[in-house]
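Hello,

Here is the structure for your files. My notes on it follow below.

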Amino acid sequence: MTEIVAEKGYAACSVAEVLKRARVSRETFYEHFADKQACFLAAYQRDADRILDVVAHAIAADGPPLDRFGRALAAYLAELADDGPRARVYVVEVQAAGPAAAARRSVVQGQFVALVSPVLLADERWRGLPDPAFACRMLIGGIASLVSARVATGRHTALPELHRPIAAHVRSLLGG
């Protein structure tokens with residue numbers, strides 16, 4: 001599913017193509033998935049779980065909060081930069097897969113906020129912001145938008161270049 005959607009886009013992907021590429025029968029497909037969208041959502045969730053694990057591992061290391069955030073950001077950007085087709089499906093094509101996919105994307109984005117928020121809140125300067133929880137949601141949403149723009153234009157390998165300006169803006173937000 002991921003390969004075909006990355007190549008053709010969600011709208012142009014068909015179950016028949018998935019069956020052919022996966023070398024499975026129609027019966028086997030429908031034993032696992034109700035339809036194309038269910039298969040797509042399963043593939044999306046698998047990729048989201050992998051990326052969340054990478055970020056969780058990076059953020060778990062000891063150190064000052066902004067260093068931990070920086071490592072998590074670097075890991076996230078590197079993970080997407082390493083696999084253009086998966087990045088395209090994960091950040092671009094999910095937006096074409098309908099309301100259920102949009103809802104799933106929102107849940108995943110909330111999971112990123114839940115990972116990052118405690119780390120940022122460990123910095124007293126972050127806690128001093130007018131609304132630290134909103135600031136974290138805004139930061140994660142902004143990162144997602146910047147990443148989506150690069151991936152949508154075929155520049156996934158340039159994602160790590162976003163690390164420096166994002167980290168600099170977070171530091172400046174905190175007066176550092």
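A96 sits in the loop that joins helix 6 (84–91) to helix 7 (99–121); helices are DSSP runs of H or I with at least four residues, numbered from the N terminus. A96 is partly exposed, its relative accessible area being 43%; buried means under 20%, exposed over 50%, and partly exposed in between (1.4 Å probe, protein chains only). From the C-alpha atom of A96 to that of V116, 20 residues apart along the chain, the separation is 27 Å.

This is a predicted model, in which local features need pLDDT of at least 70 and side-chain atom pairs count only at pLDDT 80 or more, while totals for chains, interfaces and linings use all residues. Residues are numbered from 1 along each chain as its sequence is written, and side-chain values use heavy atoms, with hydrogens and water left out.

R23 is in the loop between helix 2 (15–22) and helix 3 (26–32). R23 is exposed, at 77% relative accessible area. Its phi is positive, about 55°, although R23 is not a glycine. Most residues other than glycine have a negative phi.

D35 caps the N-terminal end of helix 4, with a side-chain oxygen 3.3 Å from the backbone nitrogen of Q37.

R150 belongs to helix 9 (residues 132–152) and is buried, with a relative accessible area of 16%. Leaving aside residues up to four places away in sequence, R150 touches R155, H156, A158, L159, E161 and L162 (contact means heavy atoms within 4.5 Å).

Regards

Terms used. Helix = DSSP H or I, 4+ residues; strand = E, 2+ residues; numbered from the N terminus. Polar contact = N/O pair within 3.5 Å; in protein donor to acceptor, adjacent residues only side chain to side chain.
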